[in-house]
Amino acid sequence: MSIVTRLHIDGGDLVVRLPWRWALAARRRSVRLPLEFVDEVRVELHWWRVVRPHSGPRYRFRPGRWCVGEVEHARGRAFVALRTRGPVLVVTTFGHDAPYARLAISTSDPEGDAAWLRQVITSNSRKKLSR
C-alpha cells in the first residue's frame, strides 16, 4: 500500500489530509490553506526541486522514501508531504497573510488533482465576482 495524501475542500479551504504515518512524523493530521490565497497550481515532475530549501525543526524524512513537514525558504514557510518517486502537486500562494508560501504534495493522481483544484479555484473566483 502506498502512502498518499488526500485533498478536499471544506468551506473556502483546501484541506490536505495526511496518512497516519506522515501525520505522526509531521505531528499534525491535516493542513488547511484558504483558497483565496492560491496563486498557482502546477505539477512538478522532479520532487527534489521542491525540497531544495533548508529543513526546519518540523521536518522529518526517510532517505530515499519520503519527506514531510515544514521547510523554510526565501518566500517563507512551505509544507511538503512527498514520496521520493513520481511527480508532485505544487500549490503556490500570494500575500503575507497566507499560512504557507507553498504546498508540495504527493497524491495518487497529481495531474488530475491539479485540474480539479484549478476548476474549484476558477468557480470560487466567479462566485466572488458575481456578488
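In this predicted model, Arg21, Arg62, Arg65 and Arg85 together form a positive surface patch. Arg85, one of these residues, is located in the loop that links β7 (76–83) and β8 (88–93).

**Surface patch**
- Arg85 has a relative accessible area of 62%, and it is classed as exposed because that value is over 50%.

**Architecture of the chain**
- The chain contains two helices and nine strands.
- Read from the N terminus, the order of the elements is β-β-α-β-β-β-β-β-β-β-α.
- Among contacts with a separation of 6 or more, 50% are made by residues 24 or more positions apart.

**Burial and surface**
- The chain has 131 residues, of which 47% count as buried.
- The accessible surface of the chain is about 7800 Å², and carbon and sulfur atoms contribute 50% of that area.

**Setting of Pro34**
- Pro34 belongs to strand β3, which spans residues 30–34.
- With a relative accessible area of 21%, Pro34 is partly exposed, because buried means under 20% and exposed over 50%.
- Apart from neighbours within four places in sequence, Pro34 is in contact with Gly12, Asp13 and Pro99.
- The C-alpha atoms of Pro34 and Thr93 are 9.6 Å apart in space, while the two residues are 59 residues apart in sequence.

Note on methods
Residues numbered from 1 in each chain as written. Predicted model: local features only at pLDDT ≥ 70, side-chain atom pairs only at ≥ 80, totals over all residues. Heavy atoms only, no water. Patch = residues over 30% accessible without salt bridge, like charges linked within 9 Å, V, L, I, M, F, W, Y side chains within 5 Å. Areas by Shrake-Rupley, 256 points an atom, 1.4 Å probe, with all protein chains shown as cover. Salt bridge = Lys/Arg side-chain N within 4 Å of Asp/Glu carboxyl O. Lys, Arg positive; Asp, Glu negative; His and termini not counted. Charge placed at Lys NZ, Arg CZ, Asp CG, Glu CD. Helix = DSSP H or I, 4+ residues; strand = E, 2+ residues; numbered from the N terminus. Buried < 20%, exposed > 50% of the residue type's maximum accessible area, 1.4 Å probe, protein only. Contact = heavy atoms within 4.5 Å.
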